[in-house]
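Hi,

Here is the structure I promised to pass on. Have a look at it first, and then read on for what turned up.

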Amino acid sequence: MKCLIAYFSQTNSTRKIAESIGKELTVYDWEVDFKNIKEDKSVNIEEYDLFGFGTPVYYYRLPFLVKDFLQSLPDLKNKPVFSFITYGTYYFGVPVEINNILKEKSTHNIGFFAARGADKYLGYLKQGVLLSDGHPNKRELTQAKHFANSLLKYFQEESNSENIYKLKKENKKGIIYNFESLLTKALS
Ligand SMILES: Cc1cc2nc3c(=O)[nH]c(=O)nc-3n(C[C@H](O)[C@H](O)[C@H](O)COP(=O)(O)O)c2cc1C
């Protein structure tokens, strides 16, 4: 299975979360490609089973670069997508903004993760003190791994439901087996 993780990160907080998620997926034999969309926005999502993207919050919104990138994507035809954000203090309506864009692209989030990042925005610095220094911390990076695990469950459930479907289909043609099953039923 292949996963593409695209992210935008100027001061590395979002990149750290992206790498934590990606590393956990590779433990389960997933092939993971990373793309820093500041360097290169070209992606071929069709070749991936799962598409994830990560972004910092800028002025309580998606950064323009990220919004443009998402809007430039082709129709995602129900492709499983996950998203993650990092923020300093408040992320307000960003998850809704993401969901709206995904809806326009004919898909939805199978998972969303938010963690605090080291906020180095000058507007929030008070006498050189960072509001969220040291983030994402060890605990948040571990949570990102748990998040990756929750994404895997989506694929396990998908294959389970496929199996159940197959079983039901096989059951349909085997009326004789149903009769046999009735005859061999344990008597109470
Ligand atoms: C221009 C700018 C605007 C920001 N606006 C917000 C904001 O509205 N809310 C918030 O919680 N954090 C805000 N932040 C903090 C970033 O979202 C946070 O530091 C993020 O983790 C940075 O990610 P990066 O290190 O991957 O670039 C802002 C940071 C910058 C540089």
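A word on naming before anything else: helices (H or I, at least four residues) and strands (E, at least two) are DSSP runs, numbered from the N terminus. With that numbering, Pro 136 sits in the loop between β5 (109-116) and α4 (138-173). The peptide bond joining His 135 and Pro 136 is cis, with omega at about -5°.

Please keep in mind that this is a predicted model. The protein chain has a mean pLDDT of 86, and 78% of its residues reach 70 or more. Residues 162-173 are another matter: the pLDDT there is below 50, and beyond near neighbours in sequence this stretch has zero contacts in the model. Where pLDDT is low, the predicted coordinates should not be read in detail.

Now to the strands. Strand β1 (residues 2-7) is mostly covered, five of its six residues being buried. Six bridges pair β1 with strand β2 (residues 31-36) in the parallel sense, and Ala 6 has Lys 35 as its bridge partner in β2. To get from β1 to β2 the chain passes through helix α1 (residues 13-27), and this β-α-β crossover is right-handed. β1 also runs parallel to strand β3 (residues 50-56), joined to that strand by five bridges; here Ile 5 is partnered by Gly 52 of β3.

What surrounds the ligand? The shell holds 23 residues, and the closest are Ser 9, Thr 11, Thr 14, Pro 56 and Gly 117. Two or more residues come from each of α1 and β4 (81-87), and α1 gives the most, with three. By type, the shell divides into 10 nonpolar, 10 polar and three charged residues.

Two loop residues also deserve a look for their backbone angles:

- Asn 12, in the loop between β1 and α1, has phi near 80°, a positive value in a residue other than glycine. Asn 12 counts as partly exposed because 15 other C-beta atoms lie within 10 Å, between the cut-offs of 12 or fewer for exposed and 20 or more for buried.
- Ser 106, in the loop between α3 (94-104) and β5, has phi near 60°, again positive in a residue other than glycine. Ser 106 is exposed, with 12 other C-beta atoms within 10 Å.

Best wishes

Technical notes: Residues are numbered from 1 along each chain as its sequence is written. This is a predicted model: local features need pLDDT of at least 70, side-chain atom pairs count only at pLDDT 80 or more; totals for chains, interfaces and linings use all residues. Two strands pair if DSSP finds at least two bridges between them. A crossover is right-handed if, with the strands pointing away from the viewer, the path from the first strand over the helix to the second runs clockwise. pLDDT is the predictor's confidence in each residue, from 0 to 100. Two residues are in contact if their C-beta atoms, placed from the backbone, lie within 7 Å. A residue is near a molecule or strand if its C-beta atom, placed from the backbone, lies within 6 Å of it. Ala, Val, Leu, Ile, Met, Phe, Trp, Tyr, Cys and Pro count as nonpolar, Asp, Glu, Lys and Arg as charged, and the others, Gly among them, as polar.
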